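Let's read a protein model together, one feature at a time. Have the viewer open while we talk.

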Amino acid sequence: MKKTRDPELSLALQEARETEEKWRGLAARLLELGDDAMDAQLLVAFRAAREEGVVPPDAGFFLVAHILTAMADEALTEVPRVQRLALELDLMEREYGMEDGVWHDADEPPPEDWEALLAEYEAACDEARAAFFRAYGEEDMARLYVEDRVCFHRRFESGRRFFHGLPMYPEHLH
């Protein structure tokens with residue numbers, strides 16, 4: 001007696017093959033693109049994966065947030081307020097003899113004016129990242145980034161673990 005497959009199972013296997021082929025084709029096309037075009041194409045692919053439920057919600061959040069954060073960080077140098085504050089911070093750090101932006105004198109606390117300027121610079125970077133998220137249509141992500149950073153990082157880390165496992169070191173979080 002010849003074995004026959006369940007028609008429902010055959011259909012599901014065919015759909016899986018077609019989906020895999022589409023993703024492989026997209027991956028092949030991405031390899032041919034330059035960095036900026038590749039980032040944009042990755043964003044499109046990651047959004048599609050998130051929207052279609054190909055991955056769990058936090059994993060989709062991670063994919064989109066990860067590529068947008070990388071793109072935003074590259075664009076930070078173009079934001080006038082960030083540029084101005086970075087220059088001021090660099091000048092102040094030279095005045096205080098700070099080699100790598102870190103206060104090394106264990107006996108003395110860091111200068112208050114440097115701490116204030118650093119906080120202003122970091123806030124400007126955060127605002128620029130949130131504006132970048134909004135510009136790319138991710139209003140909810142921008143809101144979380146600005147208003148509930150703990151939730152943003154929880155979702156980001158939960159999604160990252162879906163793909164990579166072990167937790168991220170805190171110094172790698174924005």
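Q: Which conventions should I know before I start?

A: This is a predicted model, in which local features need pLDDT of at least 70 and side-chain atom pairs count only at pLDDT 80 or more, while totals for chains, interfaces and linings use all residues. Residues are numbered from 1 along each chain as its sequence is written, and side-chain values use heavy atoms, with hydrogens and water left out.

Q: How many helices and strands does the protein chain have?

A: Helices (H or I, at least four residues) and strands (E, at least two) are DSSP runs, numbered from the N terminus. Here the protein chain has seven helices and zero strands, giving the pattern α-α-α-α-α-α-α along the sequence.

Q: What share of the residues in the protein chain is buried?

A: Buried means under 20% relative accessible area, exposed over 50%, and partly exposed in between (1.4 Å probe, protein chains only). Of the 174 residues in the protein chain, 29% are buried. The chain exposes about 11900 Å², with 55% of that supplied by carbon and sulfur atoms; such areas come from the Shrake-Rupley method with a 1.4 Å probe, and for residues only the protein chains shown count as cover.

Q: What share of the contacts with a separation of 6 or more joins residues 24 or more positions apart?

A: Contact means heavy atoms within 4.5 Å. Among contacts in the protein chain with a separation of 6 or more, 57% are between residues 24 or more positions apart. Leaving aside neighbours within four places in sequence, Ala59 is in contact with Gly159, Phe162 and Phe163. Ala59 counts as buried because its relative accessibility is 1%.

Q: How many salt bridges does a search of the whole structure find?

A: A salt bridge is a side-chain nitrogen of Lys or Arg within 4 Å of a carboxyl oxygen of Asp or Glu. The search finds 15 of them. One joins the side chains of Asp58 and Arg155, at 2.7 Å from N to O. Asp58 lies in helix α3 (residues 57-75) and Arg155 in helix α7 (residues 149-164), so this pair ties together parts 97 residues apart in sequence. Asp58 is buried, at 17% relative accessibility.

Q: Which residues are linked in a network of salt bridges?

A: Arg47, Arg50, Glu51 and Glu138 are linked in this way.

Q: Which residues gather in a patch of negative charge?

A: Patches of charge are made of residues with over 30% relative accessible area and no salt bridge, like charges being joined within 9 Å. Lys and Arg count as positive and Asp and Glu as negative; His and the chain ends are not counted. A charge is placed at NZ of Lys, CZ of Arg, CG of Asp or CD of Glu. On this surface, Glu95, Glu112, Asp113 and Glu115 form the negative patch. Helix α5 (residues 112-135) supplies the largest share, three residues. Glu115 is in helix α5 and counts as partly exposed, at 39% relative accessibility.

How values were computed
Patch = residues over 30% accessible without salt bridge, like charges linked within 9 Å, V, L, I, M, F, W, Y side chains within 5 Å.
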